[in-house]
Amino acid sequence: MGQQVKEFIAGIMKRYADAVESWIMAVGEFAEVIAQGILYYGSYLLAGLAVALAWLLLAVTMPVWYLPYKYFTRKGAKRKCRQGNKRQYRK
């Protein structure tokens, strides 16, 4: 009776070990496919990330570079000159 219980437990442990091993192999194959995809499309992912970061940088810093540009364009210069030396600009 004791020998049968040991064989029964050993059989269960063997089936469990086989199931875990096959699951680990499946996860490993899936991870390999994902890693190959990352290697293949990695340059596109990096380029997209660079574009997104550049867009974010421009969006955050827009008030710093746009407002002086807007002020020193012709409309800003016209208003400033009209107050000072009465110089005429083409419209």
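Me: Where does Tyr41 fall: buried, partly exposed or exposed?

Reply: Tyr41 has a relative accessible area of 47%, so Tyr41 is partly exposed. The class follows from a cut-off, because exposed means over 50% and buried means under 20%. Keep in mind that this is a predicted model.

Me: What about Tyr40 and Tyr44, buried or exposed?

Reply: Tyr40 is exposed, its relative accessible area being 57%. Tyr44 is exposed as well, at 60% relative accessibility.

Me: How many aromatic pairs does the whole structure have?

Reply: The search of the whole structure returns 2 aromatic pairs. In one of them, the ring centres of Tyr40 and Tyr41 are 4.6 Å apart and the planes stand at 90 degrees, so this pair is edge-to-face. For Tyr41 and Tyr44, the centres are 6.3 Å apart and the planes are at 45 degrees, so that pair is tilted. The labels differ because planes over 60 degrees apart count as edge-to-face, while those under 30 count as stacked and the rest as tilted.

Me: Why are Tyr41 and Tyr44 separated by about one helical turn?

Reply: Because Tyr41 and Tyr44 are 3 residues apart in helix H1, about one helical turn lies between them.

Me: How many salt bridges does a search of the whole structure find?

Reply: The search finds 1 salt bridge. Asp18 and Lys14 form a salt bridge in which the closest N and O atoms are 3.4 Å apart. That distance counts because the limit is 4 Å between a side-chain nitrogen of Lys or Arg and a carboxyl oxygen of Asp or Glu.

Me: How are Asp18 and Lys14 placed in helix H1?

Reply: They are 4 residues apart in helix H1, so about one helical turn separates them. Lys14 is exposed, with 53% relative accessible area, whereas Asp18 is partly exposed at 38% relative accessibility.

Me: Which residues make the nonpolar surface patch?

Reply: The patch is made by Met1, Val5, Phe8, Ile9, Ile12 and Met13, and its area is about 660 Å². Val5 lies in helix H1, which covers residues 2–71. Val5 is partly exposed, at 41% relative accessibility; Val5 can belong to a patch because the residues used for patches have over 30% relative accessible area.

Me: How many helices and strands does the chain have, and what percentage of its residues count as buried?

Reply: The chain has 2 helices and 0 strands. Of its 91 residues, 4% count as buried.

How values were computed
Residues numbered from 1 in each chain as written. Predicted model: local features only at pLDDT ≥ 70, side-chain atom pairs only at ≥ 80, totals over all residues. Heavy atoms only, no water. Patch = residues over 30% accessible without salt bridge, like charges linked within 9 Å, V, L, I, M, F, W, Y side chains within 5 Å. Areas by Shrake-Rupley, 256 points an atom, 1.4 Å probe, with all protein chains shown as cover. Buried < 20%, exposed > 50% of the residue type's maximum accessible area, 1.4 Å probe, protein only. Phe/Tyr/Trp six-rings, centres within 6.5 Å; stacked < 30°, edge-to-face > 60°.
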